[in-house]
Amino acid sequence: MKDKIELKIISIDGKIIDDSVDEIYFDIPLSGVTGILPNRTPFAALWHIGIFYTKSNNQVKYYCISGGTLEFKNKKALILADTIEEQSELDKERILERKRIAEQKLKLCTNENDETYENALFSLKKAINRLKLLK
């Protein structure tokens, strides 16, 4: 039997995903795409807004994440996420509406240090990330 990675994802809003996968792939800023196989050396990373995917039994699952951490050791991966969504959960119309709202808020902001500006920019980045996964 092939070695598996026990994957656990926990998001701030209480969402929990438990899965057993063969491989995990994700993009680390300034480093590029990195993969985790069951016998990889221990590894930890901070995550920003991005996309990652898992492979198991020749099937691929894609996820959007809006920040968090990843820890891997002893064939166990733990992801603590701000938010996490599987590709199948994404609603293009809702995402486009959120993108439009974020763009409007950004146009109204006059100070880039304003909390409203930061929140709108974060919302826009999340929407763009989600739309990348739907293309």
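On a 1 Å grid over the protein atoms alone, a pocket is an open set of points where a 1.4 Å probe fits, with protein on both sides within 12 Å along at least five of seven lines. Its lining residues have an atom within 4 Å of a point. Grid points are joined across faces, edges and corners, and the volume is the space filled by probe spheres set on the points. In this predicted model, the largest pocket has a volume of about 320 Å³.

Some ground rules come next. The model is predicted, so local features need pLDDT of at least 70 and side-chain atom pairs count only at pLDDT 80 or more, while totals for chains, interfaces and linings use all residues. Residues are numbered from 1 along each chain as its sequence is written, and side-chain values use heavy atoms, with hydrogens and water left out.

The largest pocket is lined by 17 residues. Nearest its centre lie Asp27, Ile49, Gly50, Ile51 and Asn129. Strand S3 (23–28), strand S5 (43–56) and helix H2 each give two or more residues to this lining. Helices (H or I, at least four residues) and strands (E, at least two) are DSSP runs, numbered from the N terminus. S5 gives the most to the lining, with seven residues. By class, the lining has 11 nonpolar, three polar and three charged residues. Here Ala, Val, Leu, Ile, Met, Phe, Trp, Tyr, Cys and Pro count as nonpolar, Asp, Glu, Lys and Arg as charged, and the others, Gly among them, as polar.

Now take Asn129. Asparagine 129 sits in helix H2 (residues 115–134). Its relative accessible area is 5%, so asparagine 129 is buried. Buried means under 20% relative accessible area, exposed over 50%, and partly exposed in between (1.4 Å probe, protein chains only). Leaving aside neighbours within four places in sequence, asparagine 129 is in contact with Ile49, Gly50, Ile51, Cys64 and Ile65. Contact means heavy atoms within 4.5 Å.

The structure holds nine salt bridges. Each is a side-chain nitrogen of Lys or Arg within 4 Å of a carboxyl oxygen of Asp or Glu. One of them joins arginine 130 to glutamate 85, with the closest N and O atoms 2.4 Å apart. Arginine 130 lies in helix H2 and glutamate 85 in strand S8 (residues 84–86), so the bridge ties together parts that are 45 residues apart in sequence. Both ends are buried: arginine 130 has a relative accessible area of 9%, and glutamate 85 has 12% relative accessibility. Salt bridges that share partners join Glu85, Arg94 and Arg130 into one network.

Another bridge pairs lysine 61 with aspartate 19 (3.2 Å, N to O). Lysine 61 lies in strand S6 and aspartate 19 in strand S2 (residues 16–21), so this pair ties together parts that are 42 residues apart in sequence. Lysine 61 is partly exposed, at 35%.

Lysine 75 and aspartate 3 also meet in a salt bridge (3.2 Å, N to O). This pair links distant parts of the chain, 72 residues apart. Lysine 75 is in the loop between strand S6 (59–73) and strand S7 (76–81), and aspartate 3 is in the segment before strand S1 (5–11). Lysine 75 is partly exposed at 30%, as is aspartate 3 at 32%.

Stay in that loop for the backbone. Lysine 75 has a positive phi of about 65° although it is not a glycine. Asparagine 74 lies in the loop between S6 and S7. Its phi is near 50°, again a positive value in a residue other than glycine. Asparagine 74 is exposed, at 66% relative accessibility.

Last come the aromatic rings. Rings of Phe, Tyr and Trp (its six-membered ring) pair if their centres lie within 6.5 Å; planes under 30 degrees apart count as stacked, over 60 as edge-to-face and the rest as tilted. By this rule there are six aromatic pairs. Phenylalanine 26 and phenylalanine 43 have ring centres 5.8 Å apart and planes at 50°, so the pair is tilted. Phenylalanine 26 lies in strand S3 and phenylalanine 43 in strand S5, so the pair ties together parts that are 17 residues apart in sequence. Phenylalanine 26 is buried at 3%, and phenylalanine 43 is buried at 16%. Phenylalanine 52 and tyrosine 63 are stacked, at 4.9 Å centre to centre and 10° between the planes. Phenylalanine 52 lies in strand S5 and tyrosine 63 in strand S6. Phenylalanine 52 is buried at 0%, and tyrosine 63 is buried at 0%. Phe26, Phe43, Trp47, Phe52 and Tyr63 form one aromatic cluster.
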